[in-house]
Amino acid sequence: MRVSGVLRFLALIFALVTTWIFIRSYISLNAKTIRLPRWLSLVTKEISVVRAKCGLTKPCPKEFFAFKISSGAANVVGPTMCFENQVIMSPVKNNVGRGLNIALVNGTTGMVLTQKCFDMYSGEVKLLVKFLKEIPEGALVLVASYDDPGTRLNDETRKLLSSLGSSYAKQLGFRDSWVFLGAKDLKDKSPFEQFLKNNPNTNKYEGWPELLELEGCVPRKIP
């Protein structure tokens with residue numbers, strides 16, 4: 001009886017020791033698995049990419065403004081304009097329309113001055129002429145086409161748009177795609193312009209060329 005009692009006591013001690021070792025090992029392993037995601041979280045934060053203004057791939061240098069202009073897609077999706085991370089015109093803001101969509105921005109401060117759309121299919125071209133003639137000195141001019149930007153254009157409007165630095169205003173016609181950034185009385189042609197002619201043989205959409213996107217950094221005008 002004494003021998004069997006001793007054996008039972010030893011078996012109990014062995015079971016307690018084994019259980020203690022197992023619990024200690026489990027707690028230690030669990031602690032390691034908890035710490036691992038923290039390390040991964042730190043690594044993720046270090047390699048996270050900071051998006052530049054207006055969704056540009058790289059931030060603009062100091063004394064430059066970031067911008068992005070997208071033309072309309074056929075007569076379905078309207079154009080979008082972003083300047084210094086501010087969306088000026090877009091379908092979501094419900095302030096775009098068929099024809100030419102134009103925004104004016106102060107070239108020194110970056111402040112938005114105004115934005116308007118002009119129907120170039122059935123609208124009054126004299127309204128566009130008046131608007132272009134009243135553009136203040138030092139203003140940046142952002143333009144995006146939608147549906148039809150050219151049917152109503154006349155020689156006077158083409159000349160005024162060319163004076164802003166456009167190379168394609170004289171060619172702009174029915175259902176062409178056009179995006180442009182210029183300035184009042186620009187001496188040279190603007191480097192910020194894209195143009196695509198309406199051509200049934202190359203159009204991406206039925207009756208319209210594909211959407212155009214223009215983005216970049218424009219220098220701030222020194223007062």
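**Strand pairing and salt bridges**

Strand β7 (residues 177-183) pairs with β8 in the antiparallel sense, over four bridges. The model is a predicted one. Within this pairing, V179 stands opposite Q194 of β8. Strand β8 spans residues 193-196. E193 and F195 make up its covered face, while Q194 and L196 lie on the uncovered one. In a regular strand, side chains alternate between the two faces of the sheet.

The salt-bridge count comes to seven. One of them joins the side chains of E84 and K53, at 2.8 Å from N to O. E84 lies in the loop between β2 (80-83) and β3 (86-89), and K53 in the loop between α1 (2-47) and β1 (64-70), so the pair ties together parts 31 residues apart in sequence. E84 has 24% relative accessibility and counts as partly exposed. K53, at 41%, also counts as partly exposed.

A salt bridge also forms between K133 and E156, with the closest N and O atoms 2.9 Å apart. K133 belongs to helix α2 (residues 125-133) and E156 to helix α3 (residues 155-162), so this contact ties together parts that are 23 residues apart in sequence. E156 is partly exposed, at 37% relative accessibility.

The side chains of K197 and D176 meet in a further salt bridge, at 3.1 Å from N to O. K197 sits in the loop between β8 and β9 (213-219), and D176 in the loop between α3 and β7; the pair links distant parts of the chain, 21 residues apart. K197 counts as partly exposed, at 42% relative accessibility. D176 has 2% relative accessibility and counts as buried, because the cut-off for buried is under 20%.

Methods:
Residues numbered from 1 in each chain as written. Predicted model: local features only at pLDDT ≥ 70, side-chain atom pairs only at ≥ 80, totals over all residues. Heavy atoms only, no water. Buried < 20%, exposed > 50% of the residue type's maximum accessible area, 1.4 Å probe, protein only. Helix = DSSP H or I, 4+ residues; strand = E, 2+ residues; numbered from the N terminus. Pairing = 2+ DSSP bridges. Salt bridge = Lys/Arg side-chain N within 4 Å of Asp/Glu carboxyl O.
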